[in-house]
Amino acid sequence: MPFPLGQNVGDVAAPHLIGCRYTGADARARLEENPPSLCLGYATSQFCKTATVAYDFSPSRAGEHARNFLQDWRGKLVCDDFGGYKASFELGVTEIGCMAHARRKFFELHATNKGTLAEQALRYIQLLYEIEG
């Protein structure tokens with residue numbers, strides 16, 4: 001269930017979400033006041049009873065900001081290869097790679113080299129998308 005605008009996300013989503021410092025309205029106001037160098041979004045999965053999205057605004061891309069936001073949370077994190085998460089993986093967070101990012105690399109390889117291995121990977125990924133669809 002989505003949280004009401006203005007209600008603290010952390011109050012609604014705990015313990016399903018790692019935490020949040022801002023509501024939707026707060027987030028918009030903060031963006032206007034001080035544009036961040038990095039904005040990371042976090043969301044619960046489709047299997048969680050509480051549908052929630054949280055944003056963390058950071059002044060830089062330093063990994064310490066992601067670690068500060070994640071704190072002691074030890075769940076599964078679907079993400080790209082952002083280096084800011086690497087220390088969290090070493091501390092017990094499970095890395096689950098983003099299929100769209102993986103697919104893009106195979107697509108680029110196939111587009112430049114026309115390799116059969118890259119083409120086969122793209123076909124397998126397409127099958128996975130059909131299952132999910």
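**Exercise 1. Find the residues with the most contacts inside the largest nonpolar core, and say which elements supply this core.**

*Solution.* Start with the term: a nonpolar core is a set of buried Ala, Val, Leu, Ile, Met, Phe, Trp, Tyr and Cys residues joined through side-chain atoms within 4.5 Å. Buried means under 20% relative accessible area, exposed over 50%, and partly exposed in between (1.4 Å probe, protein chains only). The largest such core has 13 residues, and L40, Y42, L77 and Y85 have the most contacts inside it. Next, turn to the elements: β1, α3 and β3 each supply at least two residues of this core. Helices (H or I, at least four residues) and strands (E, at least two) are DSSP runs, numbered from the N terminus.

A word on the model before we go on. It is predicted, so local features need pLDDT of at least 70 and side-chain atom pairs count only at pLDDT 80 or more, while totals for chains, interfaces and linings use all residues. Residues are numbered from 1 along each chain as its sequence is written, and side-chain values use heavy atoms, with hydrogens and water left out.

**Exercise 2. Take Y85 and list what it touches beyond four places in sequence.**

*Solution.* Contact means heavy atoms within 4.5 Å. Leaving out residues up to four places away in sequence, Y85 touches L40, Y42, A66, L70, L77 and C79. Then check its accessibility: Y85 is at 5%, so it counts as buried.

**Exercise 3. Search the whole structure for aromatic pairs and classify Y42–F69 and F82–Y85.**

*Solution.* Rings of Phe, Tyr and Trp (its six-membered ring) pair if their centres lie within 6.5 Å; planes under 30 degrees apart count as stacked, over 60 as edge-to-face and the rest as tilted. The search finds three aromatic pairs. For Y42 and F69, the centres are 4.5 Å apart and the planes stand at 20 degrees, so this pair is stacked. Now place the partners: Y42 lies in strand β1 (residues 38-43) and F69 in helix α3 (residues 63-70), 27 residues apart, so the pair links distant parts of the chain. Y42 is buried at 5% relative accessibility, and F69 is buried with a relative accessible area of 5%. For F82 and Y85, the centres are 5.2 Å apart and the planes are at 85 degrees, so the pair is edge-to-face. F82 counts as buried at 9% relative accessibility. Finally, F82, Y85 and F89 form one aromatic cluster.

**Exercise 4. Which residues of α3 are buried, and how do they lie around the axis?**

*Solution.* The buried residues are G63, H65, A66, F69 and L70. They cover an arc of only 160 degrees around the axis, which puts them on the same side of α3; the arc is that of the directions from the helix axis to the C-beta atoms. What covers them includes β1, β2 (53-58), β3 and α4 (86-90). Just after α3, Q71 takes a positive phi of about 45 degrees.

**Exercise 5. Sort the residues of β3 by face, then describe how β3 pairs with β4.**

*Solution.* In strand β3 (residues 76-79), L77 and C79 make up the covered face, and K76 and V78 the uncovered one. Two strands pair if DSSP finds at least two bridges between them. β3 and strand β4 (residues 94-97) pair in the parallel sense over four bridges. As a landmark, K76 stands opposite T94 in β4.
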